[in-house]
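I opened the model to look up a few things and wrote them down in the order I checked them. The entries follow.

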Amino acid sequence: MEKLKKYGNSIWRVPLIAVIADFLYAPIYTRIVLGFGIIQPGVIDKRVSLFADAGITMAVLILGGMLLLRGLSKKERFISAFVLSAYGILLLLVQSLLGAVTGPGAIVFMYLWKPLEWTGFFVDFSFYLRERFGFSLPLIGWLRCLVPFLFVLFGHKTHKSEKI
């Protein structure tokens, strides 16, 4: 019970960053791609899309790690990131098992994926490899579920209150 009190305050921080990033992702991505990525009417440069996704992912990791996760230990960040990653892996497994890739089921999963939309770089990278070089690695798409663990890199070994 004491561990729940200790980590209860920090367990929802990475999912909170994901929800905030969800609100900011679409407008920022759209402005970048519309500003720099239109080759001709109806054609978007995949490299611009890929760089926009990578930039947004890095910005969320750096800004979220510095602003909202300041003062948390690596263990607290890991636990918080695990919540979001477990959600993504569970969602991916359920969607794969149900085969909900088209129709109303796909629309439901599209909305359920919103908290992890900012991690779309790996999905775009997989599409880019398939279109550009003719091969695909499905494992790359699964990496989007593990991106929240990168928040651990910005953590301290111990919590600030434990140092005193």
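**Entry: Lys-114.** I looked up Lys-114 and found that it counts as partly exposed, at 27% relative accessibility. The scale I used calls a residue buried under 20% relative accessible area, exposed over 50%, and partly exposed in between, with a 1.4 Å probe and protein chains only. Lys-114 sits in the loop between helix 5 (103–112) and helix 6. I took helices (H or I, at least four residues) and strands (E, at least two) as DSSP runs, numbered from the N terminus. I also checked Lys-114 against Tyr-25: the two are 89 residues apart in sequence and 9.7 Å apart in space, C-alpha to C-alpha.

**Entry: what I am looking at.** I note that this is a predicted model, in which local features need pLDDT of at least 70 and side-chain atom pairs count only at pLDDT 80 or more, while totals for chains, interfaces and linings use all residues. Residues are numbered from 1 along each chain as its sequence is written, and side-chain values use heavy atoms, with hydrogens and water left out.

**Entry: salt bridges.** I searched for a side-chain nitrogen of Lys or Arg within 4 Å of a carboxyl oxygen of Asp or Glu, which is the rule for a salt bridge. How many salt bridges does this rule give? The count is two. In one of them Lys-114 pairs with Glu-117, with the closest N and O atoms 3.3 Å apart. Glu-117 is partly exposed, at a relative accessible area of 22%. I found another between the side chains of Asp-45 and Arg-47, at 3.5 Å, N to O. Asp-45 is buried because its relative accessible area is 16%, whereas Arg-47 counts as partly exposed at 44%.

**Entry: the whole chain.** I counted eight helices and two strands. Along the sequence they follow the pattern α-α-β-β-α-α-α-α-α-α. The chain has 164 residues, and buried ones make up 37% of them. I then turned to contacts, meaning heavy atoms within 4.5 Å. Of the contacts with a separation of 6 or more, 77% are between residues 24 or more positions apart.

**Entry: the nonpolar core.** I looked for buried Ala, Val, Leu, Ile, Met, Phe, Trp, Tyr and Cys residues joined through side-chain atoms within 4.5 Å, which is what a nonpolar core means here. The largest such core has 25 residues, and among those that touch the most other members are Val-14, Tyr-29, Trp-113 and Phe-151. Helix 2 (13–36), helix 3 (46–67) and helix 4 (74–98) each supply at least two residues of this core. Helix 2 gives the most, with seven residues. In soluble globular proteins, nonpolar side chains tend to be buried together. I then followed Phe-151: leaving aside neighbours within four places in sequence, its contacts include Val-14, Val-60, Leu-69, Arg-77 and Trp-118.

Entry: Ser-80 is in helix 4. Is Ser-80 buried or exposed? Ser-80 is buried, with a relative accessible area of 0%. Beyond its neighbours within four places in sequence, Ser-80 is in contact with Ser-10, Ile-11, Trp-12, Arg-13, Val-14 and Pro-15. I went on to Ser-10, which lies in the loop between helix 1 (2–8) and helix 2. Ser-10 is also buried, at 3%. Not counting residues up to four places away in sequence, Ser-10 touches Leu-72, Glu-76 and Ser-80. Ser-10 and Leu-69 are 59 residues apart in sequence and 8.4 Å apart in space, C-alpha to C-alpha.

**Entry: pockets.** I used a 1 Å grid over the protein atoms alone, where a pocket is an open set of points that fit a 1.4 Å probe, with protein on both sides within 12 Å along at least five of seven lines; lining residues have an atom within 4 Å of a point. The largest pocket has a volume of about 670 Å³. Its lining has 20 residues, with Trp-113, Val-123, Asp-124, Phe-127 and Arg-144 nearest the centre. The largest share of this lining, five residues, comes from helix 6. The second largest pocket holds about 250 Å³ of space. Helix 3 gives the most to the lining of this second pocket, with seven residues.

Terms used. Points joined across faces, edges and corners; volume = space filled by probe spheres on them.
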